[in-house]
Amino acid sequence: METQHNSVPKTIWAGASIGFIFLLVPFVGLSQRAPWSSFVQIVTEETVLRSISLSMIVATCSAFICLILGIPLGWILAKADFRGLKLVRAIVLLPMVLPPVAGGTALLFALGRKGFIGEHLDSWFGVTLPFTTAGAVLAASFVSLPFFVLSIESSATQLDSRLEEASLNLGASPIRTFFTISLPLLRNAIMAGIALSWARALGEFGATITFAGDNPDQTRTLPLQLFVALETNPERAMIIGVLMVMISLSVLVTLRGNWLVQK
Amino acid sequence: MTQIFLSGTTKLGVEEFDYSFETNSSKRIAVVGPNGSGKTTLLRLIAGHERLRSGLLKINGNVYDEPTSGNFTPPHQRKLTLQHQDGSIFPHLTVEDNVAFPYRSKKKSKRKARALAHKTLEAFDLLQIKDKYPNHLSGGQIARVSLARSLTKQPRLLMLDEPTAALDVASVRQVHQTLESLKTSLLLVSHDPIEVLKLSDTIIALEGNKIIQFGTLKSVTSKPATQWLSKFFDLNLVSGTASGLEFKTGCGEIFHLPQNYSGNVEVSFPSSAISLHLSPPSGSFRNKWKATVTSLDKQDKLVRIKLVGAFDCYATITVPTFNELEIALGNTIWASIKATELNVLQKPNPAKT
């Protein structure tokens, strides 16, 4: 530790300190102004408890969807070689760069009640996504899937392909090789992907409110609750903000950065 | 016995490869050649990790790759194993599960596969470490696990890409001993001339992604087609028994060794270390013997001479020396070599049964 400390130039230390303070200050402001005395009372309100459980359900479901879709997508981006691969990658990563509101709008015109797929969902199956928890899960999955895909892709490209070749050589079929060799070797990337997409889904606001709207029973997750409170009751907003910091921080501490940063 | 027929070309990036050979009666084939001459690609082609652009690959009568007819047998359906230099042991599986992997691939249950692997683990002396993960193993242990795993597949042909390149002397001995006792046909890429001399009966020599020479070990070593090959095989190997500073060849000739040894040993020395004389050389500690010249191969400035006497060996001398000695085919001359030029390889003790 000591030697590492000495080998880093002072200028770098100064820059890093400013960066750290920049990230820290908002939380100090929040916790300083928050009405701590009413914390327990607000957090145990039924509407807030409902938001907490909605947030957990939405984040967990969307992490699961990312897991199912993200592994094959990341694998193809890493291993396949075809014309248009770069375009496919750009489209897959688009929701990461796109403002969530724009993503939500796009979802609305595709899967909304009047969207080109949504209208058939409605008329044929009687399924409407806006204002439902399923819609919120869909919006959250849309914005978090790229994080999962990136995590898988970057690990899959670094995978030692000789191990997969050895498996084929020893008589395992390609699909067996994928499940017995490739997937176990991608374990860390999969865990990182789950953590990243879960965290992204937990904080999702823009796409959710645009596509799934604000329905107190079905779609009002913690970020939406915070947004609503900000307009009507700033003290409540602060408490919910503090609550979100606590949830996020405890997730990060539990993971100890193990999967997010691979040292 | 494995019959390989390969005649075809392929292209990787900008590099083009052209291979053509057929083996019928050889059991142990060594692939030799300078770095980047297409040795590994040849093995990968036979394993099915690369595909032919044109031509035909047939093993034991089965067509494995024929672009014109579209026939291609994928790697996992070929009855052969390719083992990479580093062993490619699966890091997330124990030694036992690595060795049992080929059984698992045949859809055997985990228990059944482990039971079947038991015998192999025992034969390779891996039972004590069967529950260890690869990152806790030494290089020699990894080599043993890898070889054991390759053999549990019971391949008709075992292909090894530089199996001993990264191993210490003791492990090299162990691997050689195992390979020598194997019944499976071998196709081996090697950078070690001693390994090639010990383990192979047939040579495929590559240069510039082409087969430059193909033939029995004897024919290639006695008439190497290129300078690289003659340099590579510029090595004599004599086996016998040692006691102290004395080494007795199979035919009873006695050599003096640079150090004390005992038991079965192999002595190697470069052909250029041999001096030739018309009459018995004087000097007390020189190793000398009488031999007949059975072949002469004049190259640019050097002459390669095959000597047959108590043992067969090659001597390389310069053209002026050659002219001075007036050596001709069938002549009997004296050869000598300094003890310090001898490189002694202790042979492993006879295998425990």
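Mentor: Begin with an open sheet of five strands in chain B, in the order E14-E18-E15-E16-E17, where the pairing is antiparallel. Strands here are DSSP runs of E with at least two residues, helices are runs of H or I with at least four, and both are numbered from the N terminus. Two strands pair if DSSP finds at least two bridges between them. This is a predicted model, in which local features need pLDDT of at least 70 and side-chain atom pairs count only at pLDDT 80 or more, while totals for chains, interfaces and linings use all residues. Residues are numbered from 1 along each chain as its sequence is written, and chains are lettered from A and ligands numbered from 1 in the order in which they are written.

Trainee: Which strands stand at the edges of that sheet?
Mentor: Strand E14 (275-277) and strand E17 (312-318) of chain B do; each has a single partner strand, so one side of each is left without a neighbour in the sheet.

Trainee: How many bridges join E15 to E16 in chain B?
Mentor: Six bridges join strand E15 (residues 287-298) to strand E16 (residues 302-308), and the two run antiparallel. One pair to find is B:Lys298, whose bridge partner in E16(B) is B:Val303.

Trainee: What about the sheet with E12, E13 and E19 in chain B?
Mentor: That is an open sheet of three strands in the order E12-E13-E19, with antiparallel pairing. Strand E12 (236-249) and strand E19 (343-346) of chain B are at its edges with a single partner strand each, so one side of each has no neighbour in the sheet. Strand E13 (residues 254-269) of chain B pairs with E19(B) over four bridges. In E19(B), B:Gln346 is the bridge partner of B:Val265.

Trainee: New topic. Is strand E9 of chain B mostly covered or mostly open?
Mentor: Mostly covered: five of the five residues in E9(B), residues 185-189, are buried. Buried takes 20 or more other C-beta atoms within 10 Å of the residue's own, exposed takes 12 or fewer, and partly exposed is in between, with C-beta atoms placed from the backbone.

Trainee: Which way do the residues of E9(B) point?
Mentor: B:Ser185, B:Leu187 and B:Val189 point one way, B:Leu186 and B:Leu188 the other, and all are buried. In a regular strand the side chains alternate between the two faces of the sheet.

Trainee: And what does E9(B) pair with?
Mentor: Strand E3 (residues 28-32) of chain B pairs with E9(B) in the parallel sense over four bridges. Strand E8 (residues 157-161) of chain B is also parallel to E9(B), over five bridges. B:Leu187 stands opposite B:Ile29, and B:Leu187 is also the bridge partner of B:Met159. From E8(B) the chain crosses through helix H5 (residues 169-181) to E9(B) in a right-handed β-α-β crossover. Right-handed means that, with the strands pointing away from the viewer, the path from the first strand over the helix to the second runs clockwise.

Trainee: Where else does B:Met159 come up?
Mentor: B:Met159, B:Val31 and B:Leu188 have the most contacts inside the largest nonpolar core, which has 64 residues. Such a core is a set of buried Ala, Val, Leu, Ile, Met, Phe, Trp, Tyr and Cys residues joined through C-beta atoms within 7 Å. Helix H4 (residues 139-152) of chain B gives the largest share of this core, six residues.

Trainee: What does B:Met159 touch?
Mentor: Not counting residues up to four places away in sequence, the residues touched include B:Leu43, B:Ile46, B:Leu80 and B:Leu187. Contact means that the C-beta atoms, placed from the backbone, lie within 7 Å.

Trainee: How many residues does each chain bring to the contact between A and B?
Mentor: Chain A brings 14 residues and chain B brings 16. On the side of chain A, helix H9 (161-169) and helix H10 (174-185) give two or more residues each. H9(A) gives the most, with six.

Trainee: Last one: is B:Lys130 buried or partly exposed?
Mentor: B:Lys130 counts as partly exposed because 19 C-beta neighbours lie inside 10 Å. B:Lys130 is found in the loop between helix H3 (110-123) and H4 of chain B.

How values were computed:
Two residues are in contact if their C-beta atoms, placed from the backbone, lie within 7 Å.
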